[in-house]
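Please look through the sequence and the model below before reading on. The report that follows takes up a few backbone features and then a group of paired strands.

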Amino acid sequence: MSQEQLQGVLCMKKPPEFTSFDVIGKLRGILHMRRLGHTGTLDPMATGVLPILVGRATRACDILPDQDKTYRAQVRFGWETDTEDIWGTRTAAYPEMHVTREALEAALPQFVGEISQIPPMYSAVSVEGRRLYDLARKGLVVERPARQVQVYEIVLESFDEASQEAVLSVSCGKGTYIRTLLADLGHALGGGAVMTALCRTRASGFTLEQSYTFDEVTEMCRMGTLGAHLVPTDRLFASLPELRFSAEQTQRYCNGVKLPLEQVAGVVPEHTEYRAYGADGGFLGIAQAEPETGLLRVGKNFS
């Protein structure tokens with residue numbers, strides 16, 4: 001199989017000081033292919049899981065059903081910066097602030113569930129067509145509308161009262177800014193806080209243990225074994241029920257013909273999206289049910 005025929009998910013361990021697009025750029029040089037994408041941006045100084053979509057898997061970028069993530073974040077209490085992390089310019093200090101384990105544990109529950117966040121100025125969010133980080137680099141601060149995000153769990157992994165540093169594990173939904181969560185936590189404790197390290201340990205169902213370094217990927221390419229290390233594209237949609245077509249249905253579906261729902265085995269009324277497989281067991285893509293018409297159509301084709 002040539003590099004251009006490869007398809008699937010390559011989980012990368014993003015190193016610090018790389019943007020997510022830097023990872024894509026370096027992989028294009030290693031893999032000698034351009035059709036690559038990623039499933040979610042990581043800040044340059046953050047590390048950890050960055051699933052890379054390879055080949056036709058890039059079609060999944062905008063339809064991923066699992067966009068939940070887990071982070072291990074280190075926070076230091078007592079000061080603030082303009083970027084909400086240790087790499088920014090200090091904007092405030094709270095020398096009298098002293099957090100105890102008891103106070104920290106008592107504050108954490110208010111940041112679990114659906115919470116409101118104001119995106120940081122140093123972020124990729126657009127306001128009136130302009131990226132906030134572009135405005136921030138010019139010294140501008142603009143109004144940002146608050147938005148709702150979902151935090152499923154926060155676990156206090158460690159706390160050093162002397163250094164006023166803690167390590168938290170945060171499981172959350174799409175669009176959650178960990179820097180902002182930690183800054184808001186500092187405010188709730190009567191002062192400020194900055195993020196000092198961030199590692200994403202899980203993204204789109206993939207873990208740090210499944211991820212590779214650039215050196216490891218380079219060696220896979222040298223050995224010709226890269227394809228064996230790609231996660232099949234359909235794993236991205238493991239949460240969806242599956243449909244397996246007959247030979248005739250496979251041919252009609254691949255030609256764009258809508259199939260009557262009552263003729264497709266496995267269709268259930270409460271679901272509108274399915275993983276579709278052909279008669280040979282190959283993954284075809286995401287099929288969409290139209291209850292109002294009683295038909296099943298191609299949603300996103302990966303074949």
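Between which two strands is the place of serine 204? In this predicted model, serine 204 is found in the loop that lies between strand S12 (193-203) and strand S13 (206-207).

Most residues other than glycine have a negative phi. Serine 204, however, has a phi near 55°, a positive value in a residue other than glycine, and glutamate 17 likewise has a positive phi, near 70°. Glutamate 17 belongs to the loop between strand S1 (8-14) and helix H1 (20-31).

Glutamate 17, with a relative accessible area of 62%, is exposed because its value is over 50%.

## Strand S10 and its partners

Strand S10 (residues 147-160) pairs with strand S7 (residues 113-117) in the antiparallel sense, over five bridges, and within this pairing glutamate 114 stands opposite glutamine 150 in S10. Strand S10 is also joined by eight bridges to strand S11 (residues 165-172), again in an antiparallel arrangement, where valine 155 stands opposite serine 169 in S11.

## The turn between S10 and S11

Strands S10 and S11 form a hairpin, with four residues between them. Within that turn, glutamine 164 has a positive phi of about 60°.

Technical notes
Residues numbered from 1 in each chain as written. Predicted model: local features only at pLDDT ≥ 70, side-chain atom pairs only at ≥ 80, totals over all residues. Heavy atoms only, no water. Buried < 20%, exposed > 50% of the residue type's maximum accessible area, 1.4 Å probe, protein only. Pairing = 2+ DSSP bridges.
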